[in-house]
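Biologist: Could you pick one part of this model and take me through it up close? I'd like the cut-offs along the way.

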Amino acid sequence: GEEFGMKLLDDLLDLLFPPKCPFCQSILETPADPVCPACQKSLPWLVGRAGERKVDFTRGCCSPLAYGGAVREAVHRYKFSGVRAYARPFGLLMAQCVQDRPEIIPDVVTWAPLSRKRRRERGYDQGELLARAMAKRLGLPAVPTLVKARHTQPQSGLDSAEARRANALGAYALLPGAEVAGKRVLLADDVVTSGATLSECARTLLEAGAAEVWCVTLAQARPS
């Protein structure tokens, strides 16, 4: 059936374009693994409480990795060099982070969306691809719930937490027709720094009646 056909296509693609480790770009001996054995040892993994961050309007945010070095370079390739294949390994690492925390029991997965302008420029929304890859592994629906109501300058260009908060304020709105009332929502993004973007998204979801919001990102940067 269709499943078998997709599997065959995946196997063929793996032969033609063997999956690479997103962090060191070496070919993965086990294509299903998110990272190679060397990076598994050397990456800046955040274990236990170190991987947790308080974010306003949420129950918290978990991230498997610290942002810097090879992690930063991999995120940049994913976001700015069009390497959208990284969504799968990144999504698997994020799913693992959620599975390690039994207190996170979501009904749906969603993401902090790009503005229409930036999505058009990039050709894809990196947060959406992460959310969909993670949701697939967790066996949950991934649904769009938010729109970027106004185009903001990139948070990465802003130094202080105050500037990031002001930049994010009122930037998101509920997607018309989105059903979040009473739902426990897991909100995905690539990197958390000050948490301003995630808290603004979470505030919008709570105002729309979401029961609670948890966040998960691939990496956690130190807020300046």
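Modeller: Cys36 counts as buried because its relative accessibility is 6%; buried means under 20% relative accessible area, exposed over 50%, partly exposed in between (1.4 Å probe, protein chains only). Keep in mind that this is a predicted model, where local features need pLDDT of at least 70 and side-chain atom pairs count only at pLDDT 80 or more, while totals for chains, interfaces and linings use all residues. Residues are numbered from 1 along each chain as its sequence is written, and side-chain values use heavy atoms, leaving out hydrogens and water.

If a disulfide is a pair of cysteine sulfur atoms within 2.5 Å, the count is zero. Cys36 is in none, with the nearest cysteine sulfur, that of Cys24, 3.6 Å away. Cys62 is buried too, because its relative accessibility is 2%.

Pairing takes at least two DSSP bridges between two strands. Strand β2 (residues 61-62) runs parallel to β8 over two bridges, and Cys61 sits opposite Cys215. Strand β3 (residues 65-66) is also parallel to β8, again with two bridges; there Leu65 faces Ala219. With β7 (residues 184-192), β8 makes eight parallel bridges, and Asp189 stands opposite Thr217.

How values were computed
Helices (H or I, at least four residues) and strands (E, at least two) are DSSP runs, numbered from the N terminus.
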